[in-house]
Amino acid sequence: MKKYVIVVAGGKGLRMGGEIPKQFIPVKGKPVLMRTLETFHACDPNIELIVVLPVEQRSYWEHLCAEYGFTLPHRIAAGGETRFHSVKNGLALVEEDGVVGVHDGVRPFVSAEVIANCYAQAATLQAVVPVTDVVETVRHLLPEGGSETVSRNDYKLVQTPQVFTVELLKRAYAQDYKPFFTDDASVVEALGQPVHPVSGNRENIKLTTPFDLKVAESLIDD
Ligand SMILES: Nc1ccn([C@@H]2O[C@H](COP(=O)(O)OP(=O)(O)OP(=O)(O)O)[C@@H](O)[C@H]2O)c(=O)n1
Ligand SMILES: C[C@](O)(CO)[C@H](O)COP(=O)(O)O
């Protein structure tokens, strides 16, 4: 079965701050996005890589690839206004039936086991997302003011790769954008289709703030 991954790296990294978007920041000597792509390739070299980049950073990426000797084959799509629009642009490069994952370019620590399991399960379940347990207590802010504790066992934290059959994800992304669409599962669910949670890995953090970069450095062995 044909396998794709759309690695979204079309954002600006505003919460990270800094001169260059976070996906290009070197962690232990190598840009985050290269680490992410290498993780997928090492897990399964048959997964075709599609990378979504900000239009204005495409030549910078090409320069980085030359500088770091990065030669993994990949196709490039243009970043959009939101993650939804970036995924949609990447999906336009998916031509064959099969399964397609969407993965944040700033999640380099996804495990090979999680990638393999998400793709394997998606072939039969159609829509699969990796999740982890909530490890802190969760407080719900009430619309009328005040707040209350809710049962954390009723919630999961959602990661990527989120993996779907190509037919389903294309149908989902034909819908109009809604601000509620913060991941791919929410887009698929808006069609009325079920999404199946599977185990993620705790290290699979989304590098979002400068603190996460410190954690990232500590997760890589010298
Ligand atoms: N228009 C966008 C926005 C986000 N992303 C990608 O989606 C992933 C998760 O998004 P997030 O962590 O929010 O990244 P940014 O949007 O870059 O960060 P911020 O919200 O802090 O600006 C990132 O790999 C980011 O590059 C994208 O491809 N296109
Ligand atoms: C897709 C995602 O990583 C799942 O946790 C997350 O929703 C991305 O959110 P962001 O708003 O782009 O940071």
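This report describes the confidence, ligand surroundings, helix packing, strand pairing and backbone details of a predicted model.

## Confidence

The structure is a predicted model, and its protein chain has an average pLDDT of 97, with 100% of the residues scoring at least 70. For the model, the ipTM is 0.98 and the pTM is 0.98.

## Surroundings of the ligands

Around ligand 1 there are 22 residues, of which Gly 10, Gly 11, Leu 14, Arg 15 and Ser 86 come nearest. Sorted by class, the shell of ligand 1 holds six nonpolar, ten polar and six charged residues.

Ligand 2 is surrounded by Arg 83, Asp 104, Val 158, Gln 159, Thr 160, Thr 182, Asp 183 and Lys 206, and by class this shell comprises one nonpolar, three polar and four charged residues. Several names in this shell return below: Asp 104 falls within strand S6, which spans residues 99–104, Val 158 within strand S10, which spans 156–158, and Thr 160 takes part in a cis peptide bond.

## Packing of helices H1 and H4

Helix H1, covering residues 32–43, packs against helix H4, covering residues 112–125, at an angle of about 65°, and the two axes are 9 Å apart. The crossing of H1 and H4 is right-handed. On the H1 side the contact is made by Phe 40, Ala 42 and Cys 43, while H4 contributes Ala 112, Ile 115 and Ala 116; by class, this contact has six nonpolar residues, with no polar and no charged ones.

## Strand pairing around S11

Strand S11, made of residues 162–165, pairs with strand S6, residues 99–104, in the antiparallel sense over four bridges, and within this pairing Val 100 has Phe 164 of S11 as its bridge partner. S11 is also joined to strand S7, residues 127–133, by two bridges, and these strands likewise run antiparallel; here Val 128 stands opposite Val 163 of S11.

The loop between strand S10 and S11 contains Pro 161, and the peptide bond that joins Thr 160 to Pro 161 is cis, with omega at about 15°.

## The S8–S9 hairpin

Strand S8, residues 138–141, and strand S9, residues 147–150, pair in the antiparallel sense over four bridges, with Val 150 in S9 as the bridge partner of Val 138. Together S8 and S9 form a hairpin that has five residues between the strands, and in its turn Gly 145 has a positive phi of about 105°.

## A positive phi at Lys 28

A positive phi is also found at Lys 28, a residue other than glycine, where the value is near 45°. Lys 28 lies in the loop that runs between strand S2, residues 26–27, and strand S3, residues 30–31.

How values were computed. Residues numbered from 1 in each chain as written. Chains lettered and ligands numbered in written order. Predicted model: local features only at pLDDT ≥ 70, side-chain atom pairs only at ≥ 80, totals over all residues. Axes fitted to C-alpha atoms, helices over the stretch in contact; angles between N-to-C directions. Left-handed = near helix turned anticlockwise from the far one by under 90°. Contact = placed C-beta atoms within 7 Å. Nonpolar A, V, L, I, M, F, W, Y, C, P; charged D, E, K, R; others polar. Near = placed C-beta within 6 Å. pLDDT = per-residue confidence, 0-100. Pairing = 2+ DSSP bridges.
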